[in-house]
Amino acid sequence: MGRGRAAGGALSAAGAGHGGRGRLSFCFSLPGAPAPPLHSMAGLGGGPAAFGRCTHAVVRALPESLCRQALRSVAGPEVDFARAEREHQLYVGVLRGKLGLQVLELPADESLPDCVFVEDVAVVCEETALLTRPGAPSRRKEVEAMKRVLGSLNLNIVEMVDENATLDGGDVLFTGREFFVGLSRRTNQRGAEILADTFKDYAVSTVPVHDSLHLKSFCSMAGPNLIAIGSSEAAQKALKTMQQMSDHRYDKLTVPDDAAANCIYLNIPNKGHVLLHRAPEEYPESAKVFEKLKDHMLIPIANTELEKVDGALTCCSVLINKSSEL
């Protein structure tokens, strides 16, 4: 079974060929020769120079219902709520105190056990926010609070109202140059199409995700041109797909543990390259790999408890770079 560029849906081909911008490419596990990618409307967007810059972060407090009712891909030990709260408070404290971001913290909602995972309900790029339609029906009301807080930041808000579309932000990897969207149990082709239509200045390519919850369960950006990737066969296969679909050549940082490949890169004034990564006591071998990044300020963050319910570091914040005063 080969991975070819198989057309996944009809979009406007206007502007095709302008440096690949606006392209929506689908890649499925199909036999035969690759088909050419489709193109959506292209435009001239900003380059990767501002990648990682951030002024605001949206987070949400943990509901106690998370311990017993949060969705999880596999059964396992119950979440220790007190420890999960401590870990989350340290995470928020790093964003606010150590990095100086303006943190907007939404209250917990006991009727929404997964609401701490704010990344899944919004994709923000530059001044535009796409409110998603999460793949799990139980999570769709989480969008309401996110809509209010993003509205307070005067972002251009686009709502995903198509009932045939699903999209989790955990399946969206933005590299500063383009988007990769994982087609998973939570995200479908129609969701990827709407994202491509929302962010027309950037190429959008889809990547099959079979053995993990989300695309970013095993990868993330560790720098302006650097993809952190896990060592599993599924992760490496996804990386190969991304390399085939992209017009750009990325550097890669391979870590032994897939979960540790989910990290948060920020470019903070007066601090430079900052990387939040999983703590050495959780993933010692992967931590050793991150420690080789001599140009980064490295901040280890423990995520032991939320990992039990498929939570990763990127899951717990929506990062925003406001270029204008509110």
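Student: What covers the buried residues of H3?

Tutor: Several strands take part. Among what covers the buried residues of H3 are strand S5 (56-60), strand S6 (102-106) and strand S7 (122-125). Strand S8 (128-131), strand S9 (156-159) and strand S19 (318-320) belong to that cover too. Keep in mind that this is a predicted model.

Student: Which residues of helix H3 are buried?

Tutor: Helix H3 covers residues 142-152. Its buried residues are Glu142, Val143, Ala145, Met146, Val149 and Leu150.

Student: What puts them on the same side of H3?

Tutor: The arc does. Around the axis, these residues cover only 160 degrees, which puts them on the same side of H3. An α-helix has 3.6 residues a turn, so residues three or four places apart point the same way.

Student: Why does the span of helix H5 agree with its 13 residues?

Tutor: Helix H5 runs over residues 233-245. At 1.5 Å a residue, the helix should span 18 Å. Its end C-alpha atoms are 18 Å apart, so the two values agree.

Student: Why do we say that the buried residues of H5 line one face?

Tutor: Take the list before the angle. The buried residues of H5 are Ala235, Ala238, Leu239, Thr241, Met242 and Met245. Seen down the axis, they fall within an arc of 160 degrees, so they line one face of the helix.

Student: Which residues are exposed on the other side of H5?

Tutor: Glu233 and Lys240 are exposed there.

Student: Why is strand S13 called largely enclosed?

Tutor: Count its residues. Strand S13 (residues 219-223) has 5 of its 5 residues buried, so the rest of the structure largely encloses the strand.

Student: In what sense do S13 and S14 pair, and over how many bridges?

Tutor: S13 and strand S14 (residues 226-229) pair in the antiparallel sense, over 4 bridges. They form a hairpin with 2 residues between them. Glycine 223 stands opposite leucine 226 in S14.

Student: Where is leucine 253 found, and which residues does it touch?

Tutor: Leucine 253 is found in strand S15 (residues 251-254). Leaving out residues up to four places away in sequence, leucine 253 touches Ala222, Leu226, Ile227, Ala228, Ile229, Val289, Phe290 and Leu293. Take alanine 222: it is 31 residues apart from leucine 253 in sequence, and 7.8 Å apart in space, C-alpha to C-alpha.

Student: What makes alanine 192 buried?

Tutor: Its relative accessible area is 0%. The cut-off for buried is under 20%, so alanine 192 is buried. Alanine 192 is found in helix H4.

Student: What unit does helix H4 make with S11 and S12?

Tutor: S11, helix H4 (residues 189-198) and S12 make a right-handed β-α-β unit. Strand S11 (residues 178-183) and S12 pair in the parallel sense over 6 bridges. In S12, valine 204 is the bridge partner of phenylalanine 179.

Student: How many residues of strand S12 are buried, and on which side does each lie?

Tutor: In strand S12 (residues 203-208), 6 of its 6 residues are buried. Both faces are covered. Ala203, Ser205 and Val207 lie on one side, with Val204, Thr206 and Pro208 on the other.

Student: Why is asparagine 270 called exposed, and aspartate 310 partly exposed?

Tutor: Asparagine 270 has a relative accessible area of 86%. Exposed means over 50%, so asparagine 270 is exposed. Aspartate 310 has a value of 25%.

Student: What is phi of asparagine 270, and of aspartate 310?

Tutor: Phi of asparagine 270 is positive, near 70 degrees. Phi of aspartate 310 is positive too, near 70 degrees. Most residues other than glycine have a negative phi. Asparagine 270 sits in the loop between strand S16 (264-268) and strand S17 (272-278). Aspartate 310 sits in the loop between strand S18 (296-301) and S19.

Definitions and conventions:
Residues numbered from 1 in each chain as written. Predicted model: local features only at pLDDT ≥ 70, side-chain atom pairs only at ≥ 80, totals over all residues. Heavy atoms only, no water. Buried < 20%, exposed > 50% of the residue type's maximum accessible area, 1.4 Å probe, protein only. Pairing = 2+ DSSP bridges. Right-handed = clockwise from strand over helix to strand, strands pointing away. Arc of directions from axis to C-beta. Contact = heavy atoms within 4.5 Å. Expected span 1.5 Å × (residues − 1).
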